[in-house]
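Please read the report below alongside the sequence and the 3D view.

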Amino acid sequence: MVVMDKLDDIRMELDVEGPLIKSLPFLNGVINVLLTLSSWLIRGRGRAGVPEQMWLYLLLPCIMLGMVEMARWTIFAEHQELGRLKGLRYGYKGA
């Protein structure tokens with residue numbers, strides 16, 4: 001339980017209501033949409049100086065964002081479950 005208390009302390013120090021934190025998911029989405037469109041445009045055309053498989057490299061940030069979001073959802077669900085289990089504890093030890 002000490003680890004959870006330290007995480008709560010760290011979380012309280014973050015400015016969760018700040019404009020950057022609020023707009024970051026939107027900005028990540030916009031950047032990934034632009035990269036996906038760029039990869040789609042590059043894929044069909046061979047250009048001088050551009051490697052043939054460059055479109056795959058443009059999709060890597062999109063894949064990473066998807067993996068991070070899946071991990072975030074999983075951790076959030078586990079955190080909710082732990083909070084629910086914390087409420088089931090009783091205060092009488094040794095009884």
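Residues are numbered from 1 along each chain as its sequence is written, and side-chain values use heavy atoms, with hydrogens and water left out.

**Confidence.** The average pLDDT of the protein is 78, and 72% of the residues score at least 70. (pLDDT is the predictor's confidence in each residue, from 0 to 100.) Helix α1, residues 2-13, has the lowest mean among the elements, 57. Helix α3 has the highest, 87. Where pLDDT is low, predicted coordinates should not be read in detail. Helices here are DSSP runs of H or I with at least four residues, numbered from the N terminus.

**Helix α3.** This helix runs over residues 54-86. Its 33 residues reach 49 Å from first C-alpha to last, close to the 48 Å expected at 1.5 Å a residue. (The expected span is 1.5 Å times one less than the number of residues.) A kink of about 30 degrees lies at Leu60, shortly before the proline Pro61. The bend is the angle between axes fitted to the seven residues ending at a residue and the seven starting there.

| Pair | Apart in sequence | C-alpha to C-alpha |
|---|---|---|
| Met54 and Ser39 | 15 residues | 7.5 Å |
| Trp55 and Arg43 | 12 residues | 5.6 Å |

Met54 counts as partly exposed because its relative accessibility is 29%. Trp55 is buried, at 17%. The cut-offs are under 20% relative accessible area for buried and over 50% for exposed, with partly exposed in between (1.4 Å probe, protein chains only). Leaving aside neighbours within four places in sequence, Trp55 is in contact with Ser39, Ile42 and Arg43. Contact means heavy atoms within 4.5 Å.

**The salt bridge.** The structure holds 1 salt bridge. The term means a side-chain nitrogen of Lys or Arg within 4 Å of a carboxyl oxygen of Asp or Glu. Here the side chains of Arg72 and Glu69 meet, at 2.9 Å from N to O. Both residues lie in α3, 3 residues apart, about one turn of the helix. Arg72 is partly exposed because its relative accessibility is 48%. Glu69 also counts as partly exposed, at 23%.

Conventions
Predicted model: local features only at pLDDT ≥ 70, side-chain atom pairs only at ≥ 80, totals over all residues. Helix = DSSP H or I, 4+ residues; strand = E, 2+ residues; numbered from the N terminus.
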